[in-house]
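Work through the exercises below with the coordinates open. Each task is followed by a worked solution.

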Amino acid sequence: MHTFSSKQYIPAEGLLIRVVDHGEVLTLDYQEATRLHQRSLWWGTAVGYRAMQVAAVALSGNKLWQRDNLVVVSAHPGDGVLDSLNYVTRCADRDTLTVMQNSHCINRCNSEMKFEWWVSDGGKTAHVMLHEDFVPREFYELIDRRVYSETRADDDKLFELYKVNLSSRIWVAPLEQSFSFELLPPMVRGELPAGHAWVKEPA
């Protein structure tokens with residue numbers, strides 16, 4: 001199988017991500033990722049896409065990463081996030097996406113969701129994490145009030161302002177200032193990350 005140098009084909013730069021799919025280098029653009037979510041899911045789309053830029057860099061090494069066999073786990077259930085992950089990796093289309101859940105975070109955004117992802121190419125896994133202090137506590141409190149029908153006056157306006165501000169910050173700051181990553185052993189479809197607080201280990 002032909003391989004492509006990550007020096008010639010930079011994995012992530014600006015609004016772009018490059019990835020090999022069925023022997024062809026694809027250049028993906030964030031503007032296309034936002035097509036489904038022009039306004040309502042700005043923040044989720046942005047943070048999910050930027051996280052996949054980190055994964056692209058982490059998994060590329062000397063050769064550009066390939067998405068043919070990618071397995072993805074997300075600890076964030078938001079639609080914008082998941083759509084960005086799928087746009088880059090096609091993990092939902094190929095049924096290789098697992099969305100983690102805990103007792104309070106079941107297919108909906110709330111304060112206990114995690115901004116972390118695992119992207120595995122069959123040889124290694126990139127565990128990508130948004131820095132814990134990136135999202136202010138006030139934003140999580142706004143989410144919880146919306147989820148539990150405790151919205152206050154002006155909460156909707158504040159929520160939109162926070163999303164715009166967070167989206168701008170995630171693009172202005174270099175990736176390394178917003179995210180960290182570690183390389184782990186490969187994961188298979190449906191596998192959950194070992195040692196995570198949400199995963200119950202077998203007795």
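Buried means under 20% relative accessible area, exposed means over 50%, and partly exposed lies in between (1.4 Å probe, protein chains only). The model is predicted: local features need pLDDT of at least 70, side-chain atom pairs count only at pLDDT 80 or more, and totals for chains, interfaces and linings use all residues. Residues are numbered from 1 along each chain as its sequence is written, and side-chain values use heavy atoms, without hydrogens and water.

**Exercise 1. The ring pair of Phe4 and Tyr9**

Task: classify the burial of Phe4 and Tyr9, then the geometry of their rings.

Solution. Start with accessibility. Phe4 has 12% relative accessibility, so Phe4 counts as buried. Tyr9 has a relative accessible area of 25% and is therefore partly exposed. Next, the pairing rule. Rings of Phe, Tyr and Trp (its six-membered ring) pair if their centres lie within 6.5 Å; planes under 30 degrees apart are stacked, over 60 edge-to-face, and the rest tilted. A search of the whole structure gives eleven aromatic pairs. For Phe4 and Tyr9, the centres are 5.5 Å apart and the planes stand at 85 degrees, so this pair is edge-to-face.

**Exercise 2. A ring cluster and a charge**

Task: which residues do ring pairs link into a cluster, and over which face does Arg169 lie?

Solution. The linked residues are Trp43, Phe115, Trp117, Phe134 and Tyr140. Now test the charge. A charge sits over a ring if NZ of Lys or CZ of Arg is within 6 Å of the ring centre and within 35 degrees of the ring normal. Arg169 lies over the face of Phe134, at 4.0 Å from the ring centre.

**Exercise 3. Tyr49 and H3**

Task: is Tyr49 buried or exposed, and how many residues of H3 are buried?

Solution. Tyr49 is found in helix H2. Its relative accessible area is 0%, so Tyr49 is buried. Contact means heavy atoms within 4.5 Å. Beyond neighbours within four places in sequence, the contacts of Tyr49 include Ser84, Tyr87, Val88 and Trp171. Turn to H3. Nine of its eleven residues are buried, so H3 is largely enclosed by the rest of the structure. Among the buried ones are Leu82 and Asn86. After H3 comes Arg90, with a positive phi near 60 degrees.

**Exercise 4. Thr98**

Task: where is Thr98 placed, and what does it contact?

Solution. Thr98 belongs to strand E5, residues 97-99. With a relative accessible area of 18%, Thr98 is buried. Leaving aside neighbours within four places in sequence, Thr98 contacts Val72, Val73, Ser74, Gly190 and Leu192.

Methods
Helix = DSSP H or I, 4+ residues; strand = E, 2+ residues; numbered from the N terminus.
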